[in-house]
Structure formats: structure tokens, C-alpha cells
Amino acid sequence: IFIMEWENQTASSDFILMGIFSHTPTHIFLFSLVLGIFTVALLANTVMVLLICLDRRLHTPMYFLLSQLSLMDLMLICTTVPKMARNYLSGRKSISVAGCETQIFFSVSLFGAECFLLAVMAYDRYAAICYPLQYPQLMNWNVCGLLAASSWILGVFDGIVDIAATLSFSYCGSREIPQFFCDITALLRLSCTDTSTFETLVFICCVVMLLFPLSLIIISYTRVIITVIRMSSGEGRHKAFTTCSSHLVVVGMYYGAAMFIYMRPTSNRSPAQDKMVSAFYTILTPMLNPLIYSLRNKDVAKAFSRCWGREI
């Protein structure tokens with residue numbers, strides 16, 4: 001049934017991405033700014049992944065998880081911005097059904113995987129700070145690899161569920177998507193099929209993907225903060241707070257935007273607000289994540305200096 005629906009929709013007209021920019025001077029400047037952000041995100045995340053792979057001193061569970069975060073951010077921003085830029089520069093706003101489904105799959109999968117990965121990173125900090133002597137056993141490479149792989153698998157599973165649902169929808173009216181990329185919540189408003197069951201499924205998925213990992217993060221960092229406050233060493237307390245504050249900034253930005261987008265009722269949605277918040281977590285956050293970690297992390301700065309020195 002899903003395959004037949006996909007074939008019927010492919011034979012019909014493409015979707016139209018309305019985008020977020022017009023050709024006014026202000027919007028041309030904003031579009032140039034987005035391209036600048038995309039370039040910085042592309043370079044920063046690529047550098048983070050390469051540094052962690054090349055520098056043996058960064059071959060620890062914490063930095064391995066950080067490399068996975070950078071890889072997810074790199075893939076996420078490449079899923080949305082190139083197509084948006086191509087449509088804006090060419091004046092064409094269309095996207096094929098297959099292209100739309102591909103964007104949905106990757107954006108949802110990466111979004112879900114990153115939610116779970118942030119919870120894994122919180123557990124890693126919890127184990128390192130609260131149980132330093134048992135940390136090599138609690139977060140050995142087998143456990144670390146299993147948790148990272150589970151994040152990817154759970155994200156991909158969520159992407160498959162959303163694709164299976166959207167392939168079963170019928171789009172018999174307007175095919176204009178009020179977004180700059182194919183977003184599952186935007187497609188719900190275009191379908192002439194009853195989507196109430198799917199909206200319930202989306203809400204359940206959000207509880208699993210957002211509230212459950214967020215609860216684990218809150219519990220982990222509550223324990224971490226209590227342990228840090230009790231530390232007798234001022235230097236150790238400062239180092240722990242520096243590391244954890246970086247993680248918490250990323251968590252706050254990512255989960256805040258995600259809950260705003262996916263956990264509001266459809267009737268309360270505003271296309272303008274959705275565009276702005278979607279741009280924040282799909283474009284701005286992938287740039288901020290590596291900058292937050294690299295600028296506040298002396299080990300990453302030293303690794304960069306060592307690798308740069310070798311090249312020179």
C-alpha cells in the first residue's frame with residue numbers, strides 16, 4: 001500500500017517549498033548570513049570529527065561521543081541548507097516526493113539520534129564525575145559503542161515510522177509547504193487524510209524521544225551538580241562545571257527548540273514561528289555546538305594546535 005501511494009504521488013505534481021527568504025535587500029543579507037553559518041558549521045564539525053579521529057589523546061569515550069554529535073550536526077545541516085539555497089538561487093521552489101521523503105527521513109532520524117546521544121553524553125559525565133574510580137568499567141569502549149550505536153538505531157527507527165506514515169497520506173489539495181524543507185508537521189496540514197491517529201503517534205514518539213532522554217539528563221546533571229558542590233578541590237570543581245555547562249547549553253538549545261516544534265497542538269501552530277525555530281535547530285545549533293565545545297575545551301584547542309603544527 002505504501003509503495004502504491006508513493007508511486008501515485010510521484011506521478012503527480014511536486015511539493016512546493018515556500019522558503020523563508022524573498023529577494024528584498026534585507027532577505028538577501030539574511031540569506032548570505034545563513035550561507036555563512038552553513039560554511040562555519042560545515043568546517044567546524046568536520047574539523048571536530050577529524051581532530052578526534054587523528055589525535056590519540058582524544059580517543060576517550062567523551063570525545064568519541066562528541067565526534068558522533070558533530071557527525072550528526074554535519075549531516076543535519078547538509079540535509080536542509082543546500083536544497084534551500086539551490087531553490088532560492090534558481091528561483092525554483094519545487095521538491096519531488098522522493099526528495100521530500102528523503103529530507104523527512106534524514107531530518108527526523110538525525111533529530112531523534114541526537115536526542116538520545118545527548119542523554120548518553122549526560123550519563124558519561126555522570127559516571128566520570130560521580131564514580132571516577134569505576135568510570136573505566138561503567139563507560140568502557142564496549143558500553144560506549146553500544147550506547148552510541150543505539151542512539152543511531154533509535155533515530156533511524158523513528159525516521160522509518162514517520163516515512164511509513166507520510167507515504168500513506170493523500171495530498172489532494174494545496175501542495176505548498178510553508179517551510180524551507182520538508183517537515184513532518186508541515187505535511188500534516190496539507191493532507192486530506194485523517195491524521196489524528198498519526199498526530200497521537202507523533203506525540204508518543206516525542207515523549208519517548210524528548211521527555212524520556214531529557215528526564216535522564218536532568219537526573220544525571222542533578223547528581224553531578226551535587227557531587228561537584230561537595231568537591232574539596234577548587235580546580236576540580238571549576239573543570240567539572242566548565243565541562244557540564246557546555247553540555248547543558250547544548251541540551252537547553254536543542255530540546256527547547258524541539259519541544260516547541262513537535263509538542264504543540266497542530267491548531268496552535270504558526271508557520272512563521274515554525275520557520276524561525278526550525279532554522280534555529282537545523283541551521284544555527286549545528287554551528288554553535290562545535291564552537292561551544294571547542295572554545296571552552298582546552299584539550300580540543302591543544303589537539304588543534306598539535307595537528308596544525310604537524311601540517312606546518
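This is a predicted model: local features need pLDDT of at least 70, side-chain atom pairs count only at pLDDT 80 or more; totals for chains, interfaces and linings use all residues.
1. Start with the overall layout. The protein chain holds eleven helices and three strands. Read from the N terminus, its elements follow the order α-β-α-α-β-α-α-α-β-α-α-α-α-α.

2. Next, a few totals for the chain. There are 312 residues in the protein chain, and 47% of them count as buried. Its accessible surface is about 15,100 Å², with 69% of that belonging to carbon and sulfur atoms. If you look at contacts between residues at least 6 apart in sequence, 79% of them join residues at least 24 apart.

3. The largest nonpolar core has 94 residues, and the members that touch the most others are Phe15, Leu118 and Ile177. Helix α4 gives the largest share of this core, 20 residues. As general background, nonpolar side chains tend to be buried together in soluble globular proteins.

4. Leaving aside residues up to four places away in sequence, Ile177 touches Phe15, Ile16, Leu17 and Met18, along with Ala186, Leu187 and Leu190.

5. Cys100 and Cys182 form a disulfide, with 2.0 Å between their sulfur atoms. The link is left-handed, with -120° about the S-S bond. Both cysteines are buried, and the count of disulfides comes to one.

6. What about Cys78, buried or partly exposed? Cys78 counts as partly exposed, because its relative accessibility is 35%.

7. How many salt bridges does a search of the whole structure find? The search finds one. Asp124 pairs with Arg125 in a salt bridge whose closest N and O atoms are 2.8 Å apart. Both partners, Asp124 and Arg125, are buried.

8. Phe203, Ile204, Val207, Val208 and Leu211 make a nonpolar surface patch of about 390 Å². One of these residues, Val207, has its place in helix α8 (residues 196-229). Val207 has 32% relative accessibility and therefore counts as partly exposed.

Technical notes:
Residues are numbered from 1 along each chain as its sequence is written. Side-chain values use heavy atoms; hydrogens and water are left out. A disulfide is a pair of cysteine sulfur atoms within 2.5 Å. Buried means under 20% relative accessible area, exposed over 50%, partly exposed in between (1.4 Å probe, protein chains only). Patches are made of residues with over 30% relative accessible area and no salt bridge: like charges are joined within 9 Å, nonpolar side chains (Val, Leu, Ile, Met, Phe, Trp, Tyr) within 5 Å. Accessible areas come from the Shrake-Rupley method with a 1.4 Å probe; for residues, only the protein chains shown count as cover. A salt bridge is a side-chain nitrogen of Lys or Arg within 4 Å of a carboxyl oxygen of Asp or Glu. Helices (H or I, at least four residues) and strands (E, at least two) are DSSP runs, numbered from the N terminus. A nonpolar core is a set of buried Ala, Val, Leu, Ile, Met, Phe, Trp, Tyr and Cys residues joined through side-chain atoms within 4.5 Å. Contact means heavy atoms within 4.5 Å.
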